[in-house]
Amino acid sequence: MLAAVIEATRLVARTEVLERFRSLDAQRHGRLKADGTQLSHADEAAQAALAERLRSIADLPFLGEEMSADEQARVWASGERLWCVDPVDGTTNFLQGLPNFAVSVALIEHGRTTLGVVYNPVSDELFAAQKGAGATLNGVRIEPPPPKSALARAVIGIDPKYLPRMLAMNLVSDPPYYSVRNFGAGSLDWCYLALGRFDAYLHGGQKLWDYAAGALIHAESGGRLATFQSNAFWSADPWTRSIIAANGEHVFDEWCAWVRMAGGFRPLVVEA
């Protein structure tokens, strides 16, 4: 199944997304959705194409970012297995002509991702993972990156937009890391973390389709992940899931402790 999903993702990304990105006219046209985020023609076309192709691989309920919230909730509640898709993760980058966006596809079973694919058609980097089988980049296994010796030496991926005010202020006034980056596509942030391009990651609340594939790729590359209040990442609210993640046990523990202290979050709930 993974090979078929990889083929479908690559094909749709190249035909429905990359070709539109190369067209200046299509690239510059989008509209605002009800939640204030942007929607492009590529989002709609890629989602429709993925729905058709993924259902031909396994006829399961399909949940896409560009569906209404009511439709998404209905699909989530409709079965124990489903496809979850972000047809263009990083739509703002896409519309601005910035080449950091991806197509993200995940198979979710009983609330947890068991298969994930993230593909940036501009860089031609395809990340994939299957639960218990490791993660790959363009078919080559991703090995755990060498962890930094301390959080103070780490490069962190942070999207500040959804961070609680207290935590955001402490990150600015007393940063515990070496440097910070924000590239505007959550699924790729997870993959960059898996490769060691980031040493740690922080987000105030990603949607299901933002983390579904990427979080599995990070975990299968040997990474650690949690939320602001719990190490039970996959048990948190699927619609707005906070993220603390890192490579290497020491940096992960140090990052979790700092974020939870700086954000004033209640004590950690230990994962069973």
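Reader: In which helix does T92 lie?

Author: This is a predicted model, in which local features need pLDDT of at least 70, side-chain atom pairs count only at pLDDT 80 or more, and totals for chains, interfaces and linings use all residues. Residues are numbered from 1 along each chain as its sequence is written, and side-chain values use heavy atoms, with hydrogens and water left out. Helices (H or I, at least four residues) and strands (E, at least two) are DSSP runs, numbered from the N terminus. By this rule, the helix that holds T92, residues 91-96, is α5.

Reader: Is T92 buried, partly exposed or exposed?

Author: Buried means under 20% relative accessible area, exposed over 50%, and partly exposed in between, with a 1.4 Å probe and protein chains only. The relative accessibility of T92 is 41%, so the residue counts as partly exposed.

Reader: Why is helix α7 described as largely enclosed?

Author: Helix α7 covers residues 186-195. Its buried residues include L188, W190 and L193.

Reader: How are α7 and α8 oriented to each other?

Author: Axes are lines fitted to C-alpha atoms, for helices over the stretch in contact (heavy atoms within 4.5 Å), and angles run from 0 to 180 degrees between N-to-C directions. Angles under 35 degrees count as roughly parallel, over 145 as roughly antiparallel, 65 to 115 as roughly perpendicular and the rest as oblique. The axes of α7 and α8 come within 8 Å and cross at roughly 5°. The orientation of α7 to α8 is therefore roughly parallel.

Reader: Which kind of ring pair do W76 and W239 form?

Author: Rings of Phe, Tyr and Trp (its six-membered ring) pair if their centres lie within 6.5 Å; planes under 30 degrees apart count as stacked, over 60 as edge-to-face and the rest as tilted. The ring centres of W76 and W239 are 5.9 Å apart, with planes at 70°, so the pair is edge-to-face.

Reader: Which kind of pair do W255 and W258 form?

Author: Both residues, W255 and W258, lie in helix α9 (residues 249-263), three residues apart. W255, at 0% relative accessibility, counts as buried, and W258, at 12%, counts as buried too. Their ring centres are 6.2 Å apart and their planes at 10°, so the pair is stacked.
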